[in-house]
Amino acid sequence: MDWDVVLESFPLIWKGAGKTVGLFAWSLAVGTVLALAVALMKISSAKPLIWFATFFSWLFRGIPLLILLFYAFFALPEVGWLLSPFWAAVLGLSLWTAAYQAEVIRSGIIAVDHGQTEASDALAMTRGHSMRRIIIPQSIRIMVPPFTSNATTLLKQTSLATLVTVPEMTLLTQRIFSNNFKFIEPIFVLAMIYLAMTTVLIIGQQIAERTFRLRT
Amino acid sequence: MELDWGVVARAWDLLIDGTWVTLQLFAWSLLLGTVLGLVLALMRLSKHRVLRWVSLGYVWLFRGIPVLVALFFAFFVFGRQVGLSALQAGVLGLGTSAAAYKAEIIRAGIMSVDPGQFEAAECLAMTRRHYMRRIIIPQGIRVMVPTYMSNTILVLKVSSVAVAIGIVELTGITRQLSNSTNRPIELFTAAALIYLFLTTVLVVLQEFLERRFALKT
Amino acid sequence: MRSRRWPRMAGLLFSFALVAAACGSGDSEATTTTGDAEPVTTQAAVSDVPGLVEDGKLLVVTTGNFPPYTMINADTGDNEGYSIDLAREVAERLGLELELPTVDFVAEMEGLASGLYDIADSGIWPNEARQEAGFVFSRPMTSTGIVAQVLTENEDTAGFANVTGLIIGGIQGSSQEKFILDSEAELGYAEYLGFQGAAEAVAGLRQGRVDLLVADSLLAGFAAVQNDDLSVAGPTILAHPLSFTFQEGNEGKRDAIDVVINQMIADGTVAELQQKWFGRCIPIPDDINQAEPYTTMPAGDC
């Protein structure tokens, strides 16, 4: 391993970090909002909503993320919707992560002791009120580990945006080695940066878990 | 804008060829991932600190980097030294990544077994290898089945990333076809349906296995 | 658009077959055929090609995504093109069976470096970076340049001379991409998008993702002939030779193949293929480091 090449590669690859984090942040935000909607649909009592939510989960967990990305990038323009590579990737990533996070959110809400729901009904709280003040805060504690675990996976999956021409870190790494044919150093740098980012997220997860823990 | 579904019919043979490569990637990387995962899980539970640390390090590394980066390592770095074909490098990259997850799943399964079982086996002077094989692991399997199967379904879908190192599996052949015929909607929909079919088969298998291994109460 | 190609291809193939049949029966230096149909032996025989990946076979890797050098026929699924015909001719003359694996460009060069294939052959420029990386090159078998590929409505624009604020597309890992990225400061374009291959790049141009493509000039010329909506804008720049590429250390294999290429140039086979696929004759430099074999793309027939 030539450490000079490692030092040279780092700034070139780091230039893509902004796009990587941008893809991650936007997809997490949009995906979580979608996931919340789908989760609420799934636990509602309206049959069509339940059906739609089930279909959504089955569809977007049943096909590979890459197919979603290719769809957004190659197929959507054919029906007139031309998204830039970045937004096409965000669309694909959001739908994909929403399907998984919806399950996390739903399990979190369901796991809260049924007694809590009954108690708030007995106190004549509206469903919306009890959701907001009783159920969801407790659910969050349960959701934190699987949610951040999915978020960490989402961060890593942003690397697939390289296949739809988004200049994030992985694509910039490919540019380096397809030019100078030095592979080990740039790939090593790329791996180290991802490792640093995911480790930060894992630490964030520990902090979140501690913040939301039961105070006994 | 009109759709021409005939293009799927004409391309069907090539799509099946691609699906076959996907299944090969899936099967081999699942095998590698499971075997390596089992070894890593046992290492993590061993008395020797070095083994525990190596296993921990492996899992941290391979869960911390994207599968695409593991594939790059396997193909451009490791494969070049050893002369691996793209398919072999693909299996190596996918399998080593999967192993990190399988290791955690297997370890959780083993740890879920009541410690009393371990003590009882030791009282009966069974060797560790004996009781792991005959008492602990079979019980652990029941716990492992759901997470193992959902991770397995993931391995199938992640095989699509092999496109990046030039392996022509289902996603790769679909992209080539979509380019040469200019019909992305029809072709990617067909590929999506094939994947949905395969993953649904696996989900059905998962439910069957969960029922089969359930405690008979 | 596609249906126009077939009558012409069929006609060219037929005339080429006639020419090849005529050439094959008399020109070579060693033994000629007698009453039985014995294969014509040439100066470079099978035993003269060292280091083949698989005995008796010539593994020539291409992308299938770089017309007219290599492209996948949508109907038959066959790989065809200038590079393919050259490879076929070389394999035949050496008495080897031809195999044509198809991968993306980055995987092509990498697979070659790993020793998976004998030759990489999809219009590869034997530039300094690649030579330094250890790749071995045959003598040139054609030359080409770089040009701006655009939609026909923009064919009167100045090409690379004025690209400020535009979005440029290209093929990831290609020498055209390297040129554009290296010239970022001088050209002042807004953004560059690197696609996986030529077909994706053209789709991007048509969908409006990019304003122009930095393309191989023969590829762009071929596309302009095949498609009413595609053209070139501005002059061809940076003309350079193209060669077969070999793994590091394969000088022996390269020398054996060079003998065959020289024969093919001498007996006019290469000129035939150029006429068939490019519609013109292009000067073929002898030296892989020949700078600018020409300044404007030659236009006439051979």
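Analyst: One term before we start: a contact here means heavy atoms within 4.5 Å. Keep in mind, too, that this is a predicted model.

Let's start at C:E200. This residue sits in helix 7 of chain C, residues 198-207. Leaving aside residues up to four places away in sequence, C:E200 touches A:F74, B:R175, B:N179, C:N65 and C:F195. Is C:E200 buried or exposed? The cut-off for buried is under 20% relative accessible area, and C:E200 comes in at 2%, so it counts as buried.

C:E200 forms a salt bridge with B:R175, and the closest N and O atoms are 3.4 Å apart. Within its own chain, the side chain of C:E200 reaches the backbone nitrogen of C:G197 at 3.3 Å. As a general point, side chains of opposite charge can pair when their charged atoms come close.

On the chain B side 15 residues are in contact with 17 residues of chain C. The area buried between chain B and chain C is about 1,300 Å², with carbon and sulfur atoms giving 53% of it. In chain B, the residues that lose the most area to chain C are B:R80, B:R175 and B:N179, which together make up 34% of what that side buries. Two of those names, B:R175 and B:N179, also turn up among the contacts of C:E200. The count of salt bridges between chain B and chain C is one, and the rule finds two residue pairs in polar contact across this interface, both at pLDDT 80 or more. As for which elements do the touching, helix 3 (67-82) and helix 7 (170-181) of chain B each supply at least two residues of the side that touches chain C. Helix 3 of chain B gives the most to that side, with four residues.

Take C:N65, which C:E200 touches. C:N65 stands opposite C:M71 in strand 3 of chain C. Strand 2 of chain C and strand 3 (residues 70-72) of chain C run antiparallel and are joined by two bridges. Three strands of chain C form an open sheet here, in the order 2-3-4, with antiparallel pairing. Strand 2 (65-66) and strand 4 (79-80) of chain C stand at the edges with a single partner strand each, so one side of each is left without a neighbour in the sheet.

C:G169 stands opposite C:L193 in strand 10 of chain C. Strand 9 of chain C pairs with strand 10 (residues 191-195) of chain C in the parallel sense, over five bridges. Strand 9 of chain C also pairs in the parallel sense with strand 11 (residues 212-216) of chain C, over two bridges; there, C:I168 stands opposite C:L212. Strand 9 (residues 167-171) of chain C is mostly covered, with four of its five residues buried.

C:R93 is buried, with a relative accessible area of 16%, whereas C:D267 is partly exposed at 27%.

Two further salt bridges are worth a glance. In chain B, the side chains of B:R10 and B:D4 meet at 3.3 Å, N to O. B:R10 is exposed, with a relative accessible area of 61%, while B:D4 is partly exposed at 27%. In chain C, C:E54 forms a salt bridge with C:K57, the closest N and O atoms being 3.3 Å apart; C:E54 counts as partly exposed at 34% relative accessibility.

Definitions and conventions: Residues numbered from 1 in each chain as written. Chains lettered and ligands numbered in written order. Predicted model: local features only at pLDDT ≥ 70, side-chain atom pairs only at ≥ 80, totals over all residues. Heavy atoms only, no water. Buried < 20%, exposed > 50% of the residue type's maximum accessible area, 1.4 Å probe, protein only. Pairing = 2+ DSSP bridges. Buried area = accessible area lost by both parts, 1.4 Å probe. Salt bridge = Lys/Arg side-chain N within 4 Å of Asp/Glu carboxyl O. Polar contact = N/O pair within 3.5 Å; in protein donor to acceptor, adjacent residues only side chain to side chain.
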